[in-house]
Amino acid sequence: MKPRRVRPLNFSLLNFSPLNEALCGAFSVAWMVLSTGGCTAMVTGSPDGAVPASAAGSGSTAGGSSGSGSSSSSSGGGGGPAISQPTDCVSTPAPRAPMRRLTVFEYNNTLRDLLDDPSSPGNAFPSELSGNGFGNDADSQPVGSELANQYVLVSETVAAAVTAPARIATLAPCAAQIGPTSDAASEASCVRTVLDGLLPKALRRAVLAGETDSFLALFQSVRPSSDFPTSLATVIEAVLQSPELIYKPELGTPVAGKPHLLQPTGYEMATRLSYLYWASMPDDQLRAAAAAGSLSTPEGVRAQAERLLNHARTREVVHHFFDKLLPISELSSLARDAVKYPDYSPQLGAFMREETQTFLEDLIFGGGPGAPPSAQTGSWPMAMTASHSFLNEELAAFYGVPGVTGASFRWVDMSASPRRGLLTQAGVLAGPIHTNHENPVVRGSFVVQKLLCTPIPFPTGAIASKVTPPDPESAATARQRFTQHSKDPVCRGCHVSMDGIGYALENYDVIGQYRTQENGVTIDASGESPLLAAPFNGAAELGQRISESPGAQDCFATQWMNFGYGRTLQENEICSMQSVQSKFKDAGYNIKELLLALTQSDAFLYLPAVRE
């Protein structure tokens, strides 16, 4: 029998949670009118505004100050967001804390860990808005009728699957033992056992008095017309449609002496930590730390952060970050003319992505396959200059690197090849270009916007009429064809920053193969950009300039903050930015230290007491 559908706006029993009143008071309701459930409706991620500038905060802790750090708008170094700096970090406003909805990535991981469901059911949801560039921006998470309906359909499907005969025992052993002769008391006891194990994990907090009884009442209300598994599935549906599962609500607790600040509760901080590092719900140790009150200090938070960061699960989140930051996630579906580029295939594209992800994982955590014991790891500048990578036989043949055999990826010395660092990896070179023709502008735009944090406005009006790519037959080289952009005074303002960077990558064609000539003409790979301190000639020198740029390192830290905090940091949060950037610099730009520093800023440790 198919489980009875529980519409999220119809389940009046959700009124039991005292959080619902607070949620509905603090955030606007945007679920489409599936029924008239009022304040028990799921809520949107409507942004909280920052508190007024007069509300004082601090740079790194509620009572301290942040490190001065390097400027995020360093002259000559480029890279940081264009933010004016305060003279000190003593009177900084409290950080924003808009409501965050689980992303598809987080939702899939949460259901995997909550119900042992590996099916990635959130993939059925509508595409996410880019927002901060990572698809998790709390200010860009609207809920329309299609998504609302998908939450209902997915909860039905998952609940039916987990209560099927083959899996029902995973909820609790007693669930598989309930049969036609079981009495009502035995069934109720078993449902309570299921809820005792499920609710603290699903709601990501301690269960409040009466909550379990309310879900049990739902079971008992549908049991007369349904069998036990279907009735239990109805309860599972209700849990999966809970606003506290779909969102990450934060009510906070007061901070002594700081009326403008709140501190996340222990369970709210556990949720912040677990979704930062694992993109999933807190594990038993995090919940125990929350219950014990050990997440109330920066030191306690860092201790758990170190544990989570050093777990293998963090690597999945790191991969997800780089899939969003770099143009590598769709390489296996990248279209290329098979006649013009016979060496390219979807499989080769998948190998290119694996090269980059394996290289970066080893850079951060070490222990990459075949890496020598003496290999250095850790810093973001090294990603731009490294003379090694990770290849399998097919990708090595594509690169012309001898001596690599087998399908497995392993550490390879690239010092004898024209490859140095991330920018010369084929996937990073091929990914930005979506045609069969060279385009230094889009490559330069990728570097400028993603690695130097300098926005390039989308052309409009008179400028838009000038952005048509030049005729690929109009000149022998891409540099000759695209030079007009930099000469045109209307276009020069943007192109002067990115074109030179793109020209430096022109020794690599649209599939990332190395070449010295284009149409019989020697390629000029020299370039310069006002975002970098000195000119460069070729990709290796470009990577060296980026590795030496303080602004580029600040940019990388800021990208991690935007991703890790699930929003775009704003001007009044410059002190949180500088705090993290300074710790990153002091650690020699070690990426693991950056990931720990994310948990020590005001933006992570506090909430505003006043919200819009």
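These questions and answers set values from a predicted model against the definitions behind them.

This is a predicted model, with pLDDT of at least 70 needed for local features and 80 or more for side-chain atom pairs, while totals for chains, interfaces and linings use all residues. Residues are numbered from 1 along each chain as its sequence is written, and side-chain values use heavy atoms, leaving out hydrogens and water.

Q: Why is Ser274 called buried?
A: Buried means under 20% relative accessible area, exposed over 50% and partly exposed in between, with a 1.4 Å probe and protein chains only. Ser274 has 0% relative accessibility, so Ser274 counts as buried.

Q: Why is Asp116 called exposed?
A: Its relative accessible area is 53%, and exposed means over 50%, so Asp116 is exposed. Asp116 is in the loop between α2 and α3 (145-162). Its phi is positive, near 55°.

Q: How do you know that Asn519 is exposed?
A: Asn519 has a relative accessible area of 62%, so the label exposed applies. Asn519 lies in the loop between β5 (517-518) and β6 (521-522). Helices (H or I, at least four residues) and strands (E, at least two) are DSSP runs, numbered from the N terminus.

Q: Why is the pair of Phe398 and Tyr399 called tilted?
A: Rings of Phe, Tyr and Trp (its six-membered ring) pair if their centres lie within 6.5 Å; planes under 30 degrees apart count as stacked, over 60 as edge-to-face and the rest as tilted. Phe398 and Tyr399 are 5.9 Å apart, centre to centre, with 50° between the planes, so the pair is tilted. Both residues are buried.

Q: What makes Arg272 count as a charge over the ring of Phe604?
A: The rule asks for NZ of Lys or CZ of Arg within 6 Å of the ring centre and within 35 degrees of the ring normal. Arg272 lies over the face of Phe604, at 5.9 Å from the ring centre.

Q: What span is expected of helix α5 (residues 184-203)?
A: The expected span is 1.5 Å times one less than the number of residues. With 20 residues, α5 is expected to span 28 Å, and its 27 Å is close to that.
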